[in-house]
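Me: I am new to this structure. Please take me through some of the terms used for it.

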Amino acid sequence: MNRLLLTVLLSFILFGCSDVNIESESSPILDKEFVEANAEIGQTKDEVEGIFGTEYFSGEGEFETNEVWVYDKVKDEFEYEKSIQIVPFDDIREGNVDYQLYINFVEDETFMYLYIYRGEDGELWQYQVNPDGTTQDRKM
């Protein structure tokens, strides 16, 4: 009887731990290294959500076939105007927004990635994956 109770208890503990891991995998830390390793041109929206998570805001881009998703990380209780048209440069520079990751889709596949962040030097940087797959990392 004690073994059965111990087995059931361990099952609940393991099940609980697996739920925690699933949640953390659905919200990865989107630092520059993660973006470098995972941003690929041609990914579908489902693939992007599977890799980068589902916590983004979106809108239509300049053309009807163009959609933009924006992932960001902000300090607790900080709010700003979320827009696919306006980058909050000052908020990133001041550390209120850690980064913004813009993912452009054309016909439901990734076309370009733009990751804007504050570098260790305190300056704003952008890491970009271009439509041809080449990358750039430069100070703004």
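Here are a few terms, each set against its definition.

Reply: This is a predicted model, where local features need pLDDT of at least 70, side-chain atom pairs count only at pLDDT 80 or more, and totals for chains, interfaces and linings use all residues. Residues are numbered from 1 along each chain as its sequence is written, and side-chain values use heavy atoms, without hydrogens and water.

Me: Why is the pair of Phe52 and Tyr113 called tilted?

Reply: Rings of Phe, Tyr and Trp (its six-membered ring) pair if their centres lie within 6.5 Å; planes under 30 degrees apart are stacked, over 60 edge-to-face, the rest tilted. Here the centres are 6.1 Å apart and the planes stand at 40°, so the pair is tilted. The structure holds 9 aromatic pairs.

Me: What makes Phe52 count as buried or exposed?

Reply: Buried means under 20% relative accessible area, exposed over 50%, partly exposed in between (1.4 Å probe, protein chains only). Phe52 has 2%, so Phe52 is buried. Tyr113, at 1%, is buried too.

Me: What lies over the face of Phe105?

Reply: Lys45 does, at 5.6 Å from the ring centre. The rule asks for NZ of Lys or CZ of Arg within 6 Å of the ring centre and within 35 degrees of the ring normal.

Me: Which residues do ring pairs link into a cluster?

Reply: Phe34, Phe52, Tyr56, Trp69, Tyr71, Phe105 and Tyr113.
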